[in-house]
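Subject: A structure for you to look at

Hello,

Here is the structure I promised to pass on. Please open it next to this email, and then read on for what turned up.

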Amino acid sequence: MTAFQRLVKKGKYDAMLNALKGMTPSGIHVALSQLGPLAGGTIKEIISVLGFFEHYLDRRDEADLIQTLLYTFLQFHHHWLFGDPDPSTDPSEHAALVDVASRVVSRVDDDWKVLDHQFQHLFCSIKLLTHLQMET
């Protein structure tokens, strides 16, 4: 079990984030790939890391880093979230996994909708100001 896996198992989100911040990009890649059943871990590790992302998405803290880490994490573990359930997976664990994954997707989607709305508002303001300037 790696040091990062121990932090994941304990659910210490701030310690997990600090550990990831202290790693090189390739270290982050390796740490996130060494989670879950395919790496000798459990589905609970995947659920815990999704809880980590949910926690930081709720706080809106370290947004760029969290988005990047989430993207990297999904590169390795998307099949657990969006594929057919593994027959060896406990149905209650799979249900918990789907539940937390859908909450993370919902939060990311909501954040992007807010950003899109703000950009549309800014775009309209710029068009208005540009048009007013040309008339004077």
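Predicted model: local features only at pLDDT ≥ 70, side-chain atom pairs only at ≥ 80, totals over all residues.

To find T42, look at the loop between helix 3 (25-33) and helix 4 (43-59). Setting aside the neighbours within four places in sequence, T42 is in contact with G36 and P37. The side chain of T42 also has a polar atom 3.3 Å from the backbone nitrogen of K44. As for H29, this residue is 13 residues away from T42 in sequence, and the C-alpha atoms of the two are 18 Å apart in space.

The largest pocket holds about 250 Å³ of space. Helix 4, helix 5 (63-82) and helix 6 (91-135) are the elements that each give two or more residues to its lining. Helix 6 provides the largest share, with five residues.

In total, 13 residues line the largest pocket, and R60, A63, Q67, D111 and L115 are the ones nearest its centre. Sorted by class, the lining has seven nonpolar, four charged and two polar residues.

Enjoy exploring, and write back with any questions!

Best wishes

How values were computed:
Residues numbered from 1 in each chain as written. Heavy atoms only, no water. Helix = DSSP H or I, 4+ residues; strand = E, 2+ residues; numbered from the N terminus. Contact = heavy atoms within 4.5 Å. Polar contact = N/O pair within 3.5 Å; in protein donor to acceptor, adjacent residues only side chain to side chain. 1 Å grid on protein atoms, 1.4 Å probe; cavity = no way out; pocket = protein on both sides within 12 Å on 5 of 7 lines; lining within 4 Å. Points joined across faces, edges and corners; volume = space filled by probe spheres on them. Nonpolar A, V, L, I, M, F, W, Y, C, P; charged D, E, K, R; others polar.
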